[in-house]
Amino acid sequence: MFDFRSDTVTQPTEAMRRAMAQAEVGDDVYGDDPTVNALEAQAAEMAGFEAALFTSSGTQANLLALMAHCQRGDEYLCGQQAHNYKYEGGGAAVLGSIQPQPIDNEADGSLDLGKLKGAIKADDIHFARTRLISLENTIGGKVLPMPYLAQAQQFAFEQGLKLHLDGARVFNAVVDQGVTLADIAQYFDSFTICLSKGLAAPVGSLLVGDEALIQRARRWRKVLGGGMRQAGILAAAGQLALTEQVERLAEDHDNAQRLAEGLSALRGVEVDSRHTNMVFAQFRYPDLARLQAHLADDGIKATLNADAISRLVLHKDIPAAGVEALLQSLSRFEGGQA
C-alpha cells in the first residue's frame, strides 16, 4: 500500500524499533530519563539553542510555545493558513486564553510585514496585548526564504515582539535550501520540530528555545497533562529521526518532482504546484469516488477533493516505484474512461 495522504503516515524504521525496545529510561517528569535528556540536548545543539522540550505532538509543542511566550489576554499574530491557528482546535484561545490575530498569508506563505504592523494593537486597556508573531516553515510545502526570515526578525525586534516558528517540517526547508537547522533557527526566539512526519518517528515533537522559556513550557506541559514517565522509549526513535532521516528528505523532494511531471501528462489532472515533498493538483474526472476505489484496488491511498485542489504528500514509505505505481494506475483509469 502506497499512502499519499500525508507524511504523518510514515512507519518507524527497523532501527527505530530496535532502539525503542532497548532504550535506557527513567522518569521524565523527574527529569531523569537519560534518553529524553539526550534527545533534548541533541536538538538544542543542532539548533544552536540552550534547551529543548520533548512533547507528545506538534500541536502540544506549539501550544506550549504560545503559553510560554504569552499570558492570559495577550495576542499573537499569525497567518490565516497557520496550522496553530486553523488546525489545532483553537487551543491557544481555549486553553491559553491567548487571542490569535490572523492575517492573510501571501502567495509564498509569508506574512506581509506591513500588514503585521497594522495588526499590532496599541497599548490601551481596550485591546489584547500583542506579544508574539508566529510563522510556519514549510507552509503548504513552501519554503520561507532566508532573507525574509532576517527581515521578520528585525521587524519583531523593532516592534518589541517575540518570534516563534512552527517548524513541523523545518527540515524540509533545511534540505531544500542546503542550510543547517541553526541557520534557520537563529532568526527565532522559539521553534518546533515534528519528529513523526517526514522524519518517520512514531510519536513526538520538540520545542526549542532558551532555558527560561523551556522551563515555563515544561510547567505548562505538566498542567496540560503532557508529563510523560518512561518516555525514553519514544525519544529513542526521535534521536534516529534527527540523525538518519534528515538527508533522506531530498528523496521525497525528488519523488514529488517526478510525480508532478507525470501528473501533468495526464488528461484528467491539472497540476497546480509542487513544493518540497508536496504536489497540489486538481483531478477533473467526473467520478472521484470511483477513482479512489480504483486506486485502492491498486494499493494506493490518496485524498482527492471534488472541485478543489488535492494534496499528495511524498515520504520515506513511497519510493520512486510508488510514484510510478500511482501514475500507472491513473493512466489505466483514464484508459477505461475513454
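Analyst: The account below treats the sheet, then the helix across it. The model is predicted, so local features need pLDDT of at least 70 and side-chain atom pairs count only at pLDDT 80 or more, while totals for chains, interfaces and linings use all residues. Residues are numbered from 1 along each chain as its sequence is written, and side-chain values use heavy atoms, with hydrogens and water left out.

Three strands form an open sheet in the order β9-β10-β12, and their pairing is antiparallel. Strands here are DSSP runs (E, at least two residues) and helices likewise (H or I, at least four), numbered from the N terminus; two strands pair if DSSP finds at least two bridges between them. Strands of a sheet pair through backbone hydrogen bonds, either parallel or antiparallel.

The edges are held by β9 (269–275) and β12 (310–313); each has a single partner strand, so one side of each is left without a neighbour in the sheet. On average, neighbouring strands are turned by 25° against each other, direction ignored.

Strand β10 (residues 278–283) is joined to β12 by four bridges, and the two run antiparallel. Met 278 has Val 313 of β12 as its bridge partner.

Across β9, β10 and β12 lies helix α12 (residues 249–264), which runs at about 160° to β9. Such an angle is taken between N-to-C directions, from 0 to 180 degrees, with axes fitted as lines to C-alpha atoms, for helices over the stretch in contact; contact means heavy atoms within 4.5 Å.
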